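Please look over the sequence and the three-dimensional structure below before reading on. The report then takes up a few residues and helices in turn.

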Amino acid sequence: MSKPLTLLILAAGLGSRFGGFKQIAPVGPNGEVILDYSIFDAIRAGFDRVVMVIRPELETPLREHFEQFLNPSVKVDFVFQRMDDLPDGFTLPPERVKPWGTCHAILAARDVIDGPFGVINADDFYGAHSYEVLAENLRNLPENSACLVGFELMKTLSPNGSVSRGLCQIDSDGNLLEVIELTKIEHDGKGGAKSLNAAGEYDALDRNSIVSMNMWGFGPEAMGEFWRLFAEFLKESISQPKAEFYIPIAVDSLVKTGKGTCLVRSSTSQWFGITYPEDKQETVDSIQRLVNEGKYPLSLK
């Protein structure tokens, strides 16, 4: 009997560059949002339930939206990412005004997930094949291991501005060695990509490089390890108002301390998402093309 799989959706982001709640921006032919397609793809790939990490003000609009667009058989639970959700011995600094990052968001669901789970961003369209790859790897995930679904760099860029991506360093067996965070990545005008380095100069990037778009898979034991690592993070960074506990920080620790491995598998899907307001129309057009090609039904319900 296969293990029940949970999809954990990180939907507590502020969307500062977009200028609003990207999570509920309509992009489908009937007003569907990216989340609807993510859940649709996950369920048909074999995921059994959905948990969403949100901020309290999003709960009502999301519940109302899902009543209209989501199949009633799909179970969705909501949990809140709270800044004061800290290990014993730590107190929220008064100057802290933003959440503690993506791995802290995962920990918000530690009391409602007790099996293998996948993690995605709410505002990224990953494509059907990505969920198939994630589900397959989760079912066969060894103890103390993780998996990452990666994407070709050129399939993740925005024509409307620079983006940040996690460049994956992978060994010959397909195991993740390191995720290198790069910022200010953009098209180079010659069919490739470039990124701005700390010296203010551009470095050329391999267009076929595999990057992380925050599509991960973990076993249930990951929650306990992440909570321990979060406490270690706070010892060093609690006084830094903008410090964040990102997923790659935790995975990097697991890999480099020998406590676990992270298998990287590539998706053939075209990623797209909404980083800038101008990205929305391109997302609308892309989804309409997929509907026209029969990849998605006109109504997902």
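Arg110 is placed in the loop between α3 (102-107) and β4 (117-121), where helices (H or I, at least four residues) and strands (E, at least two) are DSSP runs, numbered from the N terminus. This is a predicted model, in which local features need pLDDT of at least 70 and side-chain atom pairs count only at pLDDT 80 or more, while totals for chains, interfaces and linings use all residues. Residues are numbered from 1 along each chain as its sequence is written, and side-chain values use heavy atoms, with hydrogens and water left out.

Arg110 has a relative accessible area of 26%, and is therefore partly exposed; buried means under 20% relative accessible area, exposed over 50%, and partly exposed in between (1.4 Å probe, protein chains only). If residues up to four places away in sequence are not counted, Arg110 touches Asp85, Met223 and Trp227, a contact being heavy atoms within 4.5 Å. With the side chain of Asp85, the side chain of Arg110 makes a polar contact at 2.9 Å, and the side chain of Arg110 also reaches the backbone oxygen of Leu107 at 2.7 Å. A polar contact is a pair of N or O atoms within 3.5 Å; within protein, one must be able to donate a hydrogen and the other to accept it, and residues adjacent in sequence count only if both atoms are side-chain atoms. The C-alpha atoms of Arg110 and Asn197, which are 87 residues apart along the chain, are separated by 37 Å.

Helix α1 has 12 residues, which at 1.5 Å a residue should span 16 Å, and its end C-alpha atoms are 17 Å apart, which agrees; the expected span of a helix is 1.5 Å times one less than its number of residues. This helix is mostly covered, since nine of the 12 residues of α1 are buried, among them Ile34, Leu35, Tyr37 and Ile39. After α1 comes Gly46, whose phi is positive, near 120°.

Helix α2 (residues 56-69) has 14 residues and reaches 21 Å from its first C-alpha to its last, close to the 20 Å expected. Its buried residues are Leu58, Leu62, His65, Phe66 and Phe69, and the buried residues of α2 pack against α1 (34-45), β2 (49-54) and β3 (76-80). An α-helix has 3.6 residues a turn, so residues three or four places apart point the same way.

## How α5 meets α6

Helix α5 (residues 222-237) and helix α6 (residues 247-256) pack at an angle of about 105°, with their axes 10 Å apart. Axes are lines fitted to C-alpha atoms, for helices over the stretch in contact, and angles run from 0 to 180 degrees between N-to-C directions. The angle makes α5 roughly perpendicular to α6, because angles under 35 degrees count as roughly parallel, over 145 as roughly antiparallel, 65 to 115 as roughly perpendicular and the rest as oblique.

The contact is formed by Glu225, Phe226 and Leu229 of α5 together with Ala250, Ser253 and Leu254 of α6.

## Val119 and Asn214

Which residues does Val119 touch, not counting residues up to four places away in sequence? They are Leu8, Leu10, Ile106, Asn214, Met215, Trp216, Phe218 and Ile247. Val119 is found in strand β4 and, at 0% relative accessibility, counts as buried. Although Val119 and Leu7 are 112 residues apart in sequence, they are 6.1 Å apart in space, C-alpha to C-alpha.

Asn214 lies in strand β11 (residues 210-218) and counts as buried at 11% relative accessibility. Asn214 has a positive phi of about 65° although it is not a glycine.

Ser269 is found in the loop between β12 and β13 (272-273), and it counts as buried at 11% relative accessibility. The side chain of Ser269 reaches the backbone nitrogen of His129 at 3.4 Å, and His129 is also one of the residues that Ser269 touches, along with others including Tyr126, Phe151 and Lys155.

Leu263 has its place in strand β12 (residues 261-266) and is partly exposed, with a relative accessible area of 23%. Leaving aside neighbours within four places in sequence, Leu263 is in contact with residues including Asn137, Leu148 and Asp173.
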